[in-house]
Amino acid sequence: MQKLLIIILTCLVFSNLYAQEHTNNNKKEKNIAFKIDSLSALTLDSTIKTLYKVISGEKEEKRNWKQFKYLFKPDAKLIPLGKNKYKDYQVRYMSPQDYIKSSGDWLVENGFFEKEIHRKVDVFGNIAHVFSTYECYNSKSDDKPFMRGINSIQLLNDGERWWIINIYWTQETKENPIPKTYLNY
């Protein structure tokens, strides 16, 4: 009986050690998969391209939210413009973390690719304003976008890198089509 108890206890100890090691390996793999690319914000172009890249992915594909947050200056805002149920325009102010909480699961559950199709850039000293026209797809393989719009992105260059200060955006509607000035067609 005593030998049986020792065997059971030994199995439990090894089982527990295996489970801990397996959990630690999974944590390491997750951290490796979501490293921050500090070069992503060295140029205005790389900052904008990284912004689109980190929110885009196929269904069930996790997003690199660490990289997403890295692009933003503390206190930066993401500001969508849209109509409420009374057809009045309204804005919502979100931090990068608020955006992740409100949209992160939806992006992963549905698949979401935001593709820049046109860009207009104005720079003065250390500030930049980018009008970035986008199309949205649920999958890279989709032929037709389900939505289009314009991101108005304000950025700061601190001498080392570019920081996103704000992104203010609205979707294209029948009443508000994207002007040809902001399309490549």
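**Figure 1. Helix 2 is mostly covered in this predicted model.** Nine of the twelve residues in helix 2 are buried. Leu 44, Ser 46, Thr 47 and Ile 48 belong to this buried set, as do Thr 50, Leu 51, Tyr 52, Val 54 and Ile 55.

**Figure 2. The span of helix 2, end to end.** Helix 2 runs over residues 44–55. At 1.5 Å a residue, its twelve residues should span 16 Å. The C-alpha atoms at its ends lie 18 Å apart, which agrees with that expectation.

**Figure 3. Thr 47, a buried residue of helix 2.** Thr 47 sits in helix 2. Its relative accessible area is 0%, so Thr 47 counts as buried; the cut-off is under 20%. A polar atom of the Thr 47 side chain lies 2.8 Å from the backbone oxygen of Thr 43.

**Figure 4. Residues that Thr 47 touches beyond its sequence neighbours.**

**Figure 5. Ser 103 in helix 4.** Helix 4 covers residues 96–110 and includes Ser 103. Ser 103 has a relative accessibility of 17%. Buried means under 20%, so Ser 103 counts as buried. The side chains of Ser 103 and Ser 102 make a polar contact at 3.5 Å.

Conventions
Residues numbered from 1 in each chain as written. Predicted model: local features only at pLDDT ≥ 70, side-chain atom pairs only at ≥ 80, totals over all residues. Heavy atoms only, no water. Helix = DSSP H or I, 4+ residues; strand = E, 2+ residues; numbered from the N terminus. Expected span 1.5 Å × (residues − 1). Buried < 20%, exposed > 50% of the residue type's maximum accessible area, 1.4 Å probe, protein only. Polar contact = N/O pair within 3.5 Å; in protein donor to acceptor, adjacent residues only side chain to side chain. Contact = heavy atoms within 4.5 Å. Lists of a residue's contacts leave out its neighbours within four places in sequence.
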